[in-house]
Amino acid sequence: MVRKSAILGFLLTVLTTVIKAEDPYLFFTWKVTYGTISPLGVPQKAIMINDKFPGPNLNTTTNNNIVINVINNLDEPFLFTWSGMQHRKNSWQDGMPGTTCPIPPGKNFTYHFQAKDQIGSYFYYPSLGLQRAAGGFGGLRINSRALIPVPYADPEDDYTVLIGDWYTKSHVALKDNLDSGRTIGRPEGVLINGKAGKPDGTGEPIFTMKPGKTYKYRICNVGLKMALNFRIQNHKIKLVELEGSHTLQNLYDSLDLHVGQCFGVLVTADQEPKDYYMVASTRFLKTVLTSTALLRYEGGKGAASTELPKPPVGWAWSLNQFRSFRWNLTASAARPNPQGSYHYGKINITRSIKLVNTVGKIEGEKLRYALSGVSHVETETPVKLAQYFGVADKVFKYDTIKDEPTKTDTSNILVHPNVLNIEHRSFVEIVFENQEKTAQSWHLDGYSFFAVAVEPGKWTPEKRKNYNLLDAVYRHTIQVYPKCWGAILLTFDNCGMWNIRSEILEKRYLGQQLYVNVGPPELSQRDEYSFPANGLRCGIIKGLPDPQPPRESL
């Protein structure tokens with residue numbers, strides 16, 4: 001009996017130890033500096049991270065704690081945002097101008113966040129002004145834990161591919177264009193992992209593959225403006241993951257990636273051993289811009305063919321491809337339970353919000369973009385900090401747009417901060433109606449959502465009968481084509497202040513974004529972490545005491 005009690009006590013001790021054990025910590029120091037690059041043959045100033053362009057890959061695993069000391073050696077303020085990271089209860093680490101004070105020149109700030117219950121392919125980038133046009137971006141991957149099976153065999157290797165349009169003008173010159181009321185125009189080229197290749201048979205390969213082996217490629221469109229088509233000479237692409245969700249494993253000749261989107265694909269080296277081109281080209285432009293990068297088979301002989309696979313034409317092709325993406329209902333994501341065990345299609349919608357994007361001019365000549373008639377402007381005091389420190393009324397007003405805007409509401413443009421209140425744990429339908437002549441790409445921080453439909457025309461409640469209520473992909477971006485609408489469904493269960501934005505950088509900068517405040521008005525340790533001890537202060541909250549009682553800090 002004594003022995004059984006001792007064994008039981010030992011097991012309880014071990015169990016308690018395991019339960020209390022913290023998830024692993026990963027520590028990084030990133031020095032942000034300027035450097036000179038010439039990807040399109042023109043020397044230009046770039047933003048480097050530890051002297052790298054693009055920046056280093058951030059490689060982590062579900063539930064890891066990530067601690068990054070960012071040292072700003074630029075001559076301007078700086079912030080990182082982590083596109084796709086949900087930052088549970090912790091919008092302080094989201095790194096958007098509405099949630100975080102910028103890191104001043106010559107100073108540092110340490111981000112501390114957790115990859116809580118997430119897997120997938122993402123990226124990070126600078127969130128202030130037009131700094132993303134100068135670089136400062138890099139890949140971010142969250143690997144599955146060993147005990148959670150993935151629905152495919154382990155690949156031979158795992159590669160990150162960052163594609164994006166590129167401008168030869170500096171980020172400062174591009175910002176000056178927008179501030180003066182002009183557009184930034186069309187890009188001059190396309191980059192693949194920071195380089196612009198030509199199909200002339202020269203250059204070194206960026207990746208190598210062993211014949212017969214299968215590789216995972218994490219492809220992200222980190223550009224500013226243009227949707228891109230990605231393809232590999234003579235190879236099929238198998239889509240297996242889309243922004244943190246396992247998908248049905250369909251084969252494609254090429255994939256359209258809109259700005260801000262990331263896909264995880266498998267590619268098998270099953271062709272003649274030699275070189276092949278990876279190709280990225282612009283979509284929806286009369287003059288197509290194209291870039292290439294070499295893939296090489298180990299031991300292969302022979303140059304890549306200079307005849308590149310042709311891109312698709314028109315947005316109808318892209319819409320049909322969007323509709324072919326399906327959630328893998330039987331696969332497990334970050335948790336052991338199958339993705340399909342969450343029956344989102346059976347939940348009653350408690351609120352419907354239609355966001356209509358428009359473009360116009362103010363003061364007779366200055367270009368602005370708007371959502372439901374309001375063009376957002378950033379405030380000196382981030383809206384989240386103003387709310388937390390009890391001075392919101394001095395910085396912004398809540399709910400200045402209607403859930404169902406009228407034609408009159410959207411025919412004018414008002415310029416002021418745009419902040420919506422949404423009740424905690426409400427199940428919400430958001431409809432993006434694109435009345436412009438160009439495609440949109442919408443992103444929501446802090447969440448993933450079910451992208452249930454994209455269709456031509458204007459949305460009406462009758463359109464709900466066309467929603468995919470079974471296996472829409474759970475993701476954080478959705479594209480909406482010209483004169484079309486897109487609908488998403490989600491539960492707002494992550495307290496904080498979260499940014500909804502156009503990923504088209506000039507549109508976001510000139511007003512097509514808003515912040516969503518989620519959570520009860522009272523301070524709650526259960527629902528949201530406190531302002532971090534190392535949090536930066538700016539604007540009117542400088543010198544203010546912390547609200548009492550303080551909340552738990554991460």
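Analyst: One term before we start: two strands count as paired if DSSP finds at least two bridges between them. Also keep in mind that this is a predicted model.
User: Which residue in β20 is the bridge partner of Thr208?
Analyst: That's Arg296.
User: And what's the strand order in the sheet they belong to?
Analyst: Going across, you get β11-β20-β19-β13-β17. It's an open sheet of five strands, and the pairing is mixed.
User: Which ones are the edge strands?
Analyst: β11 (207–209) and β17 (254–257), each of which pairs on one side only.
User: How many degrees are neighbouring strands turned against each other?
Analyst: On average 25 degrees, ignoring direction.
User: Which helix lies across β13 and β17?
Analyst: Helix α3, residues 315–324. Its angle to β17 is about 95 degrees, and β13 here is the strand at 228–232.
User: Switching topic: pockets. What's the volume of the largest one?
Analyst: About 790 Å³. The largest pocket has 27 lining residues, and those nearest its centre are Gln86, Asp117, Arg335, Tyr342 and Tyr474.
User: How does that lining split by class?
Analyst: For the largest pocket, eleven lining residues are nonpolar, ten are polar and six are charged.
User: What about the second largest pocket, how much space is in there?
Analyst: About 630 Å³. Its lining is made of 29 residues, with Lys225, Lys437, Thr438, Ala439 and Lys507 nearest the centre.
User: Which elements give two or more residues to that lining?
Analyst: For the second largest pocket, they are β21 (351–362), β22 (366–371), β27 (440–444) and α6 (505–509). β21 supplies the largest share, three residues.
User: And by class, how does the second largest pocket's lining divide?
Analyst: Into twelve nonpolar, nine polar and eight charged residues.

Definitions and conventions
Residues numbered from 1 in each chain as written. Predicted model: local features only at pLDDT ≥ 70, side-chain atom pairs only at ≥ 80, totals over all residues. Heavy atoms only, no water. 1 Å grid on protein atoms, 1.4 Å probe; cavity = no way out; pocket = protein on both sides within 12 Å on 5 of 7 lines; lining within 4 Å. Points joined across faces, edges and corners; volume = space filled by probe spheres on them. Nonpolar A, V, L, I, M, F, W, Y, C, P; charged D, E, K, R; others polar. Helix = DSSP H or I, 4+ residues; strand = E, 2+ residues; numbered from the N terminus. Axes fitted to C-alpha atoms, helices over the stretch in contact; angles between N-to-C directions. Contact = heavy atoms within 4.5 Å.
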